[in-house]
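Please keep the display open while going through the points.

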Amino acid sequence: MVVSGFTFNAFSENTYLLHDATKQCVIVDPGCYDKAEQQALRAFIEAQGLQVVLLVNTHCHIDHVFGNQFILDTYQVPFLIHEADLPTLRAVPTYAPSYGFAQYQPAEPTGFLTPGTPVTFGTTELEVRFAPGHAPGHVVFYHVPTQVVIGGDVLFQGSIGRTDLPGGDYNTLINSIRTELLTLPDAVTVYPGHGPATTIGAERVGNPFLR
């Protein structure tokens, strides 16, 4: 599996495209808000000859969902989130204008992710792991063969996701990290929702929130 990343919007959010040798592609957390960002994503997909087959959100805070409707309009694919984050997604239109994002287009999921039931595309299978604390319905995606986690806003290089937003809880987040991420091998690479990639081993040793 290949991970291709883009950093979009005023929140510097990381959007990921997951694709394999079949050229099938899953889009995770499309943060593309304006036309230039949308075109950059579409141009990459076209240049690589990718076939978009699925849209997923790790969670549904505003910076991770800006491009959902654009993806659905452009590629007509299924859109999955964890059901517990549906209220988070539906709340975005109520505050987007006050954040300066009056052009936000809301999108509704076509189905729900179930922890323990893998997401599949091409020849690739992703584990779905439930990791609430930053958001009530937060999930992470783990690809065992390449030892890669698409982690959203759970664990960052030297930090963790914030827990002061509605539905956040510090103790829940720490428990999620310890049970769903720190149980993975040290060599596993974590691609977070913001900032650079890191590894489980580096965070196990050096992350001040996990001591």
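1. Helices (H or I, at least four residues) and strands (E, at least two) are DSSP runs, numbered from the N terminus. By this definition, Val205 belongs to helix α6, which covers residues 200-206. The model is a predicted one: local features need pLDDT of at least 70, side-chain atom pairs count only at pLDDT 80 or more, and totals for chains, interfaces and linings use all residues. Residues are numbered from 1 along each chain as its sequence is written, and side-chain values use heavy atoms, with hydrogens and water left out.

2. Overall architecture. The protein chain contains six helices and 14 strands. Its radius of gyration (taken over C-alpha atoms) is 16 Å, close to the 17 Å that the globule rule gives for 211 residues, so the chain is as compact as a globular protein of that length. The globule rule is 2.2 Å times the number of residues to the power 0.38. Along the principal axes, the C-alpha atoms fill a box of roughly 45 × 40 × 30 Å.

3. Burial and surface. Of the 211 residues, 52% count as buried; here buried means under 20% relative accessible area, exposed over 50%, and partly exposed in between (1.4 Å probe, protein chains only). The chain exposes about 8800 Å², of which carbon and sulfur atoms supply 53%. These areas come from the Shrake-Rupley method with a 1.4 Å probe; for residues, only the protein chains shown count as cover.

4. Contacts along the sequence. Contact means heavy atoms within 4.5 Å. Among contacts between residues at least 6 apart in sequence, 62% join residues at least 24 apart.

5. Charge. The chain carries 9 positive and 19 negative side chains, and the centres of the two sets lie 4 Å apart. Lys and Arg count as positive and Asp and Glu as negative, while His and the chain ends are not counted. Each charge is placed at NZ of Lys, CZ of Arg, CG of Asp or CD of Glu.

6. Cysteines. How many disulfides does the structure hold? There are zero, a disulfide being a pair of cysteine sulfur atoms within 2.5 Å. Cys25 is in no disulfide, and the nearest cysteine sulfur, that of Cys32, is 12 Å away. That separation is too far for a bond. Cys25 is buried, with a relative accessible area of 0%, and Cys32 is likewise buried at 0%.

7. Helix α4. In this helix (residues 86-95), Leu86, Thr88, Leu89 and Val92 are buried. Their cover includes helices α2 (62-65) and α3 (68-75), together with strands β5 (79-82) and β6 (111-113).

8. Positive phi values. Gln76 has a phi near 50 degrees, a positive value in a residue other than glycine. Gln76 sits in the loop between α3 and β5 and counts as exposed at 60% relative accessibility. Gln147, also not a glycine, has a positive phi of about 55 degrees. Gln147 occupies the loop between β9 (139-143) and β10 (148-152) and counts as partly exposed at 26% relative accessibility.

9. Ser12 lies in the loop between β1 (2-8) and β2 (13-19) and is partly exposed at 41% relative accessibility. Leaving aside residues up to four places away in sequence, Ser12 touches Thr7, Gly193 and His194. Val205 counts as exposed, with 66% relative accessibility. The C-alpha atoms of Val205 and Val140 are 21 Å apart, and the two residues are 65 residues apart in sequence.
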